[in-house]
Amino acid sequence: MIDRYLLRYFLAVIDEGNFSRAAARCNVSQPTLSIGIAKLEGLIGRKLFDRTNRRVALTAAGAELAARARRIESEFLAAERETTATAARPLIRVGLLASIPVQWLRDMARECALCAATEQVEFFEGRERELSEALLRGRIDAALTLIRSGERRFDSEALVEEGYALALSAEHPLAAREEIAAEDLVAETMIVRRHCEALPATSRYFTSRGVRPFFALRTFDDSRALALVQGGLGITVMPDSFNAPGVVRPRLAGFDQRRTIGLCYAAGLDQQRRRESPVLAVMRRLG
């Protein structure tokens, strides 16, 4: 195996035209450089330079190696630049609540891509409890998640507060109404968003009113739920921030559940990093 330093000695001799200047360029003594060139010639099995008192000239074998050596050194330098650039960018690990609307994610991704030159971001998706555990264990630095009143485990800041409403096809017979009562949904097919933080409250709401609908799908994927709603196969309950073409969002009479979305911080993320992080600044613009 040929060590990189031998190729650098070799290229320095070519560029400087003699051994003494090449040794100075490589910050080694001339005997050290000469030994290195001799070692390289031994590894190659061929003479690389014709040397006289006045000049150093490449042999045919030396000319052949020179082209390869320059390519190798160029690739080494490019790799070093990339590694240095990556190391210079701090990494921030951000948890994302599974029930965040996809349009929020799209907008955040677009802005976070513009921050990539100064900060790397690694996302971790999960439900509220999973994100809380990840924060406590230091697996993530911050989380865009639910902010609960009375929560004292994490420093946090609220960004968005919203309610919940029905999602149904714009072609549905009830689509023109601004508000729909539970009793009007007795014969409707429903879609259950299994990761929804308001699911227990939603179930109690319908059960207390004697509404026990047929469920066409139970899913953790909001895009699938919205696709079925768009196609007219069923209806569901979603936070107000969810929208899609062909979907209308009338209020559900008497359902007053609300949620607050914001940033929660791990104990290890200091105040300065919170203030200066470009990625966290993108998150704050949600508010």
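Tutor: Areas are Shrake-Rupley values with a 1.4 Å probe, and only the protein chains shown count as cover. This is a predicted model, where local features need pLDDT of at least 70, side-chain atom pairs need 80 or more, and totals for chains, interfaces and linings use all residues. Residues are numbered from 1 along each chain, and side-chain values use heavy atoms, without hydrogens or water.

Student: Which residues make the nonpolar surface patch?

Tutor: Ile-2, Leu-43 and Ile-44 make it, with an area of about 210 Å². Leu-43 sits in helix α3, residues 30-44. Helices are DSSP runs of H or I with at least four residues, strands are runs of E with at least two, and both are numbered from the N terminus.

Student: Why is Leu-43 called partly exposed?

Tutor: Buried means under 20% relative accessible area and exposed over 50%, with partly exposed in between (1.4 Å probe, protein chains only). Leu-43 has 42%, so it counts as partly exposed.

Student: What makes Asp-222 and Arg-193 a salt bridge?

Tutor: The rule asks for a side-chain nitrogen of Lys or Arg within 4 Å of a carboxyl oxygen of Asp or Glu. Their closest N and O atoms are 2.6 Å apart, so the pair passes the rule. Asp-222 is in helix α8 (222-231) and Arg-193 in strand β8 (189-193), so the bridge ties together parts 29 residues apart in sequence. Both residues are buried.

Student: Which residue does Arg-259 pair with?

Tutor: Glu-197, with the closest N and O atoms 2.8 Å apart. Arg-259 belongs to strand β13 (258-265) and Glu-197 to the loop between β8 and α7 (199-208), so this pair ties together parts 62 residues apart in sequence.

Student: Why does Arg-259 count as buried?

Tutor: Its relative accessibility is 3%. The limit for buried is under 20%, so Arg-259 falls inside it.

Student: How do you know that Arg-224 and Asp-221 meet in a salt bridge?

Tutor: The N to O distance is 3.5 Å, so it is within 4 Å. Arg-224 is exposed at 54%, whereas Asp-221 is partly exposed at 29%. Elsewhere, bridges that share partners join Asp-15, Glu-16, Arg-21, Arg-25 and Arg-70 into one network. The rule gives 24 salt bridges.

Student: What makes a space a cavity, and how many are there?

Tutor: On a 1 Å grid over the protein atoms alone, it is a set of points where a 1.4 Å probe fits but cannot get out; lining residues have an atom within 4 Å of a point. The structure holds one cavity of 30 Å³ or more. Helix α6 (128-136) and strand β5 (142-146) each give two or more residues. The largest share, four residues, comes from α6.

Student: What makes Asn-27 stand out in its backbone?

Tutor: Asn-27 has a positive phi of about 60° although it is not a glycine. It lies in the loop between α2 (19-25) and α3. Its relative accessible area is 71%, so Asn-27 is exposed.

Definitions and conventions: 1 Å grid on protein atoms, 1.4 Å probe; cavity = no way out; pocket = protein on both sides within 12 Å on 5 of 7 lines; lining within 4 Å. Points joined across faces, edges and corners; volume = space filled by probe spheres on them. Patch = residues over 30% accessible without salt bridge, like charges linked within 9 Å, V, L, I, M, F, W, Y side chains within 5 Å.
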